Amino acid sequence: MLNDPRTVRITGDDTAAVFRRAADVTADTAADAGATDGDRGAPVPEAYVWCNLTSGNGTRALWLLLLPFMVVNLAHWMRPAAREGARGVRLYGLLVRLAGLSLTVLLVAAACEVALDLTAWQCAGTAACAERHSWLGFLSPTVSDGGWWSAPGRRLALAALVPTALTGLLWYLSHRTWRAYESQEPPRRAPEPENRPGQTALSRPGFWFGRRLVARLRAAHTAAGLLTVAAAVGTAAARQDHRTGGPALLDGLGRLLELALAGSALAVVWVVCRRGRSDRRLDRRIDARLVHRLPLTALVLLALTLVYAGWERPGWRSAGRLPGDTTFGGIALAQGALVIALAVVAHVLHRTSSACAGAGEERCALRGLGGPAVAMLACALGGVMSGGVSQRVSDWLDGTGTSLDGPPVLLTWQASVIPVLLVVLLVVCGLLGRRTWRLTRAERAAVAREYDAEPGDAARTGRIARARAMAALTDRGPLLVAVTAAATLLLGAGALVGAFADGQTPVGATRDAPALVQGVAQAAQALGSWLIGLGFLLFVTWGRRAYKDASARRTIGILWDVGTFWPRAAHPFAPPCYAERAVPDLTWRIATWTRATGGRLIISGHSQGSVLAAAAAWQLKPSDRSRVALLTYGSPIERLYGRWFPAHFGPAALAALHQDIDCWRNLYRLTDPIGGPVRVPGDEHGPEVDRAPLADPLAYGRTEEHPLPAPVLGHSDYQADPAFAEERRLLLARLRAEVPLQRT
């Protein structure tokens, strides 16, 4: 970044830090302050390095487990623009938080399905399966000859340690990252007036300081996970005790525990619904009693449930499945209802807002329905992970495929609709491919015209045109998301109806149907089971590789760049928000430097760095903000963030930022699949933000300046383009007119 091998860390730590060239370390000291610009030679560049916030060490591989949580957290920030505090805005946030809670319950329920139902209940209770897996022998009534642990309740109590440990791991990851990220305090400043045109929540003092809400949600989700385990164990034991002739004492204890679990579950829902984000000020309070007592209460109830389930019950034998269909069916139904309600709220908010209208065209992704669509994808990801692990473990335990009943019927139906979903997606991809081919043909003429390359090199022209057409696919992303979300919702509803219609798998339900229907059902069920298992294995393999391979972790880090930019407002177990460290870092550095030197500076940001630069500028005091210029390149700030997060990066917010800072210039290429124009026109505050698209490649053929063929750079190496140096020089000249000392 600094074009110098001799660099020195000015401030920061091993996670994120500011660096300078060794020759510039004392550029701001009193001894150097009297030097003229000619003596100093050039403005002083600094580099803020934050890559370890998203790639880091091997534990980042565990973040793959949290992918559905990250996606549902994104849905929270995708709401259409509306007045903060409005009833619709609060309802939108509440629905997303409930969807996030359902994902926690789904993940823990999947762990219960594997450990309690498939392993402890079905396999350990079946002689053939227990003999095939000798490590389960002490749990089997046949193999252990009626040993103490072979009682069904004790088997379930012991197996419950697995989902309990998973819940504990999620709590640990969330608490550890909460202390490292959410506890980074931004500079103190007075809040700005809320009625300013283009006001965005990103300028509020407490936006990047969400420790109170995350602590509350973490307590609620931890308690929800523990209560899910307790319900899975306690329901099986209570069902046995409620039968005629069961022990009256155990029957009464079972009913008391059920009431306690239901009451605690209502308390968890109340905590999730009670309070959202409060970012108008730095909220340093922690609801200590709630944060500690709610998970502790759930843990005590779980311990009591395990003791209750482990009590001696003569004649109790495990047979069939645990009542998993009801559990997973209820979760799927609740998630579908939440997504539909979220879509209604988002539609109403979008209709009452004009914040997405930019340059006379609709810029909001999916007309404001991006959040509900992404929430649906989060639920689908959770379902695929749950079904995949259940199906693979079932296949592993039941080698012959005849000794176990297997996972719940609903999970089999959900796996069976995956081939149908893939067919739909293949059709959409085919249409997008056809459109890209047609656009490539159209771009050939544009390339030849812009480079004056008639007749030119057909292969060279084709490569440039293809790069432009492929880059334009990014703008078709909303279509792919919309089709995937809608198909997932409809197919999920069909799977739910099919599973509960007669309680049979697709093959069983079509046993009396025509041969063609039977063949389709058999193919869908077999292929779906294989695909969902393959997806789970690829997921585990990728995580294992990322744990050992730094380059794979960097790939995951790129994926997290967008997903973990936003604070954890809907799910506390999502990967941590790196911007809650990066934005305060930048804000502190900019504010303290301008205060100490009285100088002005240019914040130069590429790709996701440009988003961090804008976020840091919004967090400055208005007096400091006016001393800053922005130079962004390859920036997704409008193309991605403005379309998918209109409440925070809409046209009005970007125009207001353009007015508040000294000047803003943006560079982009037509071959860049990520960066694009900002679309903010010029006014009395400064010129138009966007420069005309940069030429890529810089030269079509061989020239004096480029004797070898110039590459198509796309999203990379913007600083190698002469336009970068030119725009940087113009910004420095604009700042130099008022203050003699500048820094970039």
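Author: Asp-585 and Arg-581 both sit in helix H20 (residues 579-597), four residues apart, about one turn of the helix. Keep in mind that this is a predicted model.

Reader: How do the side chains of Asp-585 and Arg-581 meet?
Author: In a salt bridge, at 2.7 Å from N to O.

Reader: Is Arg-581 buried or exposed?
Author: Arg-581 is buried, because its relative accessible area is 9% and buried means under 20%.

Reader: How many salt bridges are there in the whole structure?
Author: A search of the whole structure gives 26.

Reader: What does Arg-132 form a salt bridge with?
Author: With Asp-398. The closest N and O atoms of Arg-132 and Asp-398 are 3.8 Å apart. This pair links distant parts of the chain, 266 residues apart. Arg-132 is in helix H5 (residues 127-132). Asp-398 is in the loop between helix H12 (370-397) and helix H13 (409-416).

Reader: And how accessible are Arg-132 and Asp-398?
Author: Arg-132 is partly exposed, at 36% relative accessibility. Asp-398 is buried, at 8%.

Reader: Which residue pairs with Glu-727 in a salt bridge?
Author: Arg-691, with the closest N and O atoms 2.8 Å apart. Glu-727 lies in helix H26 (residues 722-736), and Arg-691 in the loop between strand S8 (663-667) and H26, so the pair ties together parts 36 residues apart in sequence. Glu-727 is buried, with a relative accessible area of 4%. Arg-691 counts as partly exposed, at 22%.

Reader: Which residues do shared partners join into one network there?
Author: Arg-665, Arg-691, Glu-726 and Glu-727, through salt bridges that share partners.

Reader: New topic, the backbone. Where is the cis peptide bond you'd point out?
Author: Between Asp-696 and Pro-697, with omega about 5 degrees. Pro-697 is in the loop between S8 and H26.

Reader: What about phi at Asp-145?
Author: Phi is positive there, about 55 degrees, although Asp-145 is not a glycine. Asp-145 is in the loop between H5 and helix H6 (152-159).

Reader: Why does Asp-145 count as exposed?
Author: Because its relative accessibility is 69%, and exposed means over 50%.

Reader: And where does Arg-367 lie?
Author: In the loop between strand S5 (361-362) and H12. Arg-367 has a positive phi of about 55 degrees, and is not a glycine. Arg-367 counts as exposed, at 55% relative accessibility.

Key: Residues numbered from 1 in each chain as written. Predicted model: local features only at pLDDT ≥ 70, side-chain atom pairs only at ≥ 80, totals over all residues. Heavy atoms only, no water. Salt bridge = Lys/Arg side-chain N within 4 Å of Asp/Glu carboxyl O. Helix = DSSP H or I, 4+ residues; strand = E, 2+ residues; numbered from the N terminus. Buried < 20%, exposed > 50% of the residue type's maximum accessible area, 1.4 Å probe, protein only.
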